[in-house]
Structure formats: C-alpha cells, structure tokens
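Colleague: I'd like to learn how to read salt bridges in a model. Can you walk me through some?

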Amino acid sequence: MDNQQLNRLQPPLEAQLHGIDPGWQHVVDGWLDSLTGQTLVSFVDQRLAAGATVFPARPLRALELTPLSNTKVVLLGQDPYHGAGQAEGLAFSVPEGVTPPPSLRNVFKEMQRDLGLKAPRHGHLVAWAQRGVLLLNTTLTVEEGKPASHAKRGWEALTDALIEAAAAEPQPKVFMLWGAHAQAKRPLIEAAGGQHLVLVSNHPSPLAATKPPIPFIGCGHFGQASVFLAERGRPIDWQL
C-alpha cells in the first residue's frame, strides 16, 4: 500500500473523529454536536461520495499523539498538504520516504542554525508530537491538488476551540505563530490569560522566510522555546 492509499480519507468522516486524547474529546464533541460541525461533516462526506480524493486519513491525528495535559508547544499550520502521499494529520509533517517540502526544509534550517542540531533526513514529525508539540493545522482536510478547498467550511470553529482549550489549560506553553494566518489566532491565546510565550515571525515558506517584517530564518524560536520551557520544568527535545 503506497502513501496515497495510506493517507487518503475513507468515508465516513465522523468515524475518524473519535479515539483521541480524552483531554481534547469534549472540545471535539461540542463541535460535532453543533450545526457548524454537522455541516462540515456532511460536506466532506458528500465530496467523498462524489469521488473526491480527500487527505489526510486521520484528520485529528495531532490530538491522538499529543494529549492536552502534555502539550508544551502549539505549532500552527494552515492547510494540509494537497499532494498525494504527503499529508498525515500533523502540521508541516510528511511520512518517512517523502521529500520534505520547502517550508519544512526551512524549519529544519532554522532549527539547525538556532540549536546546532543535525538536520534530519526525513520530514516525519511524529517524535515532536509525542514529546508535546501540538502540530495543528487550522483546516484539517483538503482535496487532492486543490489547496484550501476545505477552508472556511467549518473546521476553523473546531481548531479555534482547540487553540482556546490549550491556552486555557494552566501549564505554560509556547505558541509558535508563523505567518499572518497563524498570527490571526493570537487574540484567542491572549484572551485566556495564561502564562504562555507567544512567538511570531513570517511563515517559513521560501516566499517569506528571509523577508521583513520578521524573517523566519534567524528568528530563534526553537532556542527561546527551549529556554522558556526548561525554566518552567517542562523541557522539550527538538532532535529528530
């Protein structure tokens, strides 16, 4: 079975929205019970029935791998990868054997520059997720070859609620907001009033990574996050 078959969503969608960490489940259940959630599920199932190829197979995989109680870093992405075999339910991550996309290569470049870590040979970020990095896209499904095809359909109501839940949970966290789309979520974090560190820069895309106003390359976010968390008894390991 190839990556496309493994990562393609099979109907129905709602069957993929359970079995997550209990700390997140009430947020997901509340969304599923809402008109917005029901409308989104219906939309995705209709697209599947019409023959659309939808990625990823497990839209809430980030919530499976990173319990709320263990979340140390929230790293926001935007839209799942829309190429065959790429999206795996974790923002920025691709399966082993898949060439890391340009934005992820820049993430590794900055990590290597900032921390002196050896650049990984793959773009599979499951180890980060298991260590407390919530790799959350704000839209959780996409159709093959159609970027943002499921944006503004109802996923954002869920992912905003998840961001709010993470910010409301009292343990200190680092929120990494790369690019304007992620930065638009800052008010959700600040409204919770937690003792969190919010780090802001341009997106790591080659189109923005080295440009003003806050170049991603040179931002030092990995080091800042490591120091902040270590000082609060929540160390993070970025090595892959």
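Predicted model: local features only at pLDDT ≥ 70, side-chain atom pairs only at ≥ 80, totals over all residues.

Colleague: Okay, which residue does Glu143 meet in a salt bridge?

Modeller: That's Arg47, at 2.8 Å from N to O. Glu143 sits in strand E4 (residues 142-143) and Arg47 in helix H3 (residues 35-49), so the pair ties together parts that are 96 residues apart in sequence.

Colleague: Is Glu143 buried or exposed?

Modeller: Glu143 is buried, at 5% relative accessible area, while Arg47 is partly exposed at 26%. Lys146 joins in as well: a network of salt bridges links Arg47, Glu143 and Lys146.

Colleague: And what does Arg58 pair with?

Modeller: Its side chain forms a salt bridge with that of Glu64, 2.7 Å from N to O. Arg58 is partly exposed, with a relative accessible area of 35%, and Glu64 is partly exposed too, with 27%.

Colleague: How about Glu231?

Modeller: Glu231 and Arg232 meet through their side chains in a salt bridge of 3.5 Å, N to O. Here Glu231 is exposed, at 61%, and Arg232 is partly exposed, at 40%.

Colleague: Last one: where is Glu190 found, and what does its side chain contact?

Modeller: Glu190 belongs to helix H9 (residues 186-192), and its side chain makes a polar contact with the side chain of Arg186 at 2.9 Å. Glu190 is partly exposed, with 48% relative accessible area.

Technical notes. Residues numbered from 1 in each chain as written. Heavy atoms only, no water. Helix = DSSP H or I, 4+ residues; strand = E, 2+ residues; numbered from the N terminus. Buried < 20%, exposed > 50% of the residue type's maximum accessible area, 1.4 Å probe, protein only. Polar contact = N/O pair within 3.5 Å; in protein donor to acceptor, adjacent residues only side chain to side chain. Salt bridge = Lys/Arg side-chain N within 4 Å of Asp/Glu carboxyl O.
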